[in-house]
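This report describes one protein model, element by element. The sequence and the structure are shown first.

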Amino acid sequence: MLHYIKHECADTREWLIILHGMSGDLEQNKFQINFFKEWFNLLLIDLPGHGSSDLQEEYTCKNIADAIDRIMVRESIQ
C-alpha cells in the first residue's frame, strides 16, 4: 500500500488527487494543499519508492495506477 494523506472539506463531495513529480514526495505539494483544501477533498499520495512509500513491485504506469485505485476503493473515493 502506498503512503497517503487525506484532507476532507465539509462543503464538498468532490475529490482532487494530487501526485508529486518524479524524485519528490507528497510534502512538495504543501502550497497546493493550502490553496485547494477550501474547495475540495484532497488525497495526496507518495508514489512507489518515494517519501514514505516502499517500492514493492515493478515501477510501471499500470502498477502505479492499480495502487492508486486500491487506495480509492479502500477510502470509498469515486
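## The sheet

Strand 1 and strand 3, the latter at residues 41-45, pair in the antiparallel sense over four bridges. Within this pairing, Y4 stands opposite I45 in strand 3. The model is a predicted one, and everything below is computed from it.

Taken together, the three strands form an open sheet with the order 1-3-2 and mixed pairing. Strand 1 (4-7) and strand 2 (15-19) are the edge strands, since each pairs on one side only. From one strand to the next, the twist averages 15°. As a general point, side chains in a regular strand alternate between the two faces of the sheet.

## The helices and the sheet

Helix 2, residues 61-74, packs on the sheet and touches strand 1, strand 2 and strand 3. The direction of helix 2 makes about 140° with that of strand 3.

Helix 1 covers residues 30-36 and belongs to a β-α-β unit with strand 2 and strand 3. What is the handedness of this unit? The β-α-β unit is right-handed.

S23 lies in the loop between strand 2 and helix 1. S23 has a relative accessible area of 72%, and because this is over the 50% cut-off, the residue counts as exposed. S23 and I64 are 41 residues apart along the chain, and their C-alpha atoms are separated by 15 Å.

## Aromatic residues

The structure holds three aromatic pairs. In one of them, the ring centres of F35 and F36 are 5.0 Å apart and the ring planes are at 85°, so the pair is edge-to-face. F35 also pairs with W39, with 5.2 Å from centre to centre and 55° between the planes, and this pair is tilted. Ring pairs link F35, F36, W39 and F40 into a cluster.

F36 has a relative accessible area of 26% and is partly exposed. For F36, the value is not under 20%, so the residue does not count as buried.

## Cysteines

How many disulfides does a search of the whole structure find? The search finds zero.

Is C9 buried or exposed? C9 has a relative accessible area of 11%, and because that is under 20%, C9 is buried. C61, at a relative accessible area of 71%, is exposed.

## The segment after helix 2

S76 is found in the segment that comes after helix 2. The phi angle of S76 is near 55°, which is a positive value in a residue other than glycine. S76 has 64% relative accessibility, and as this is over 50%, the residue counts as exposed.

Terms used:
Residues numbered from 1 in each chain as written. Predicted model: local features only at pLDDT ≥ 70, side-chain atom pairs only at ≥ 80, totals over all residues. Heavy atoms only, no water. Pairing = 2+ DSSP bridges. Helix = DSSP H or I, 4+ residues; strand = E, 2+ residues; numbered from the N terminus. Axes fitted to C-alpha atoms, helices over the stretch in contact; angles between N-to-C directions. Contact = heavy atoms within 4.5 Å. Disulfide = S-S within 2.5 Å. Buried < 20%, exposed > 50% of the residue type's maximum accessible area, 1.4 Å probe, protein only. Phe/Tyr/Trp six-rings, centres within 6.5 Å; stacked < 30°, edge-to-face > 60°. Right-handed = clockwise from strand over helix to strand, strands pointing away.
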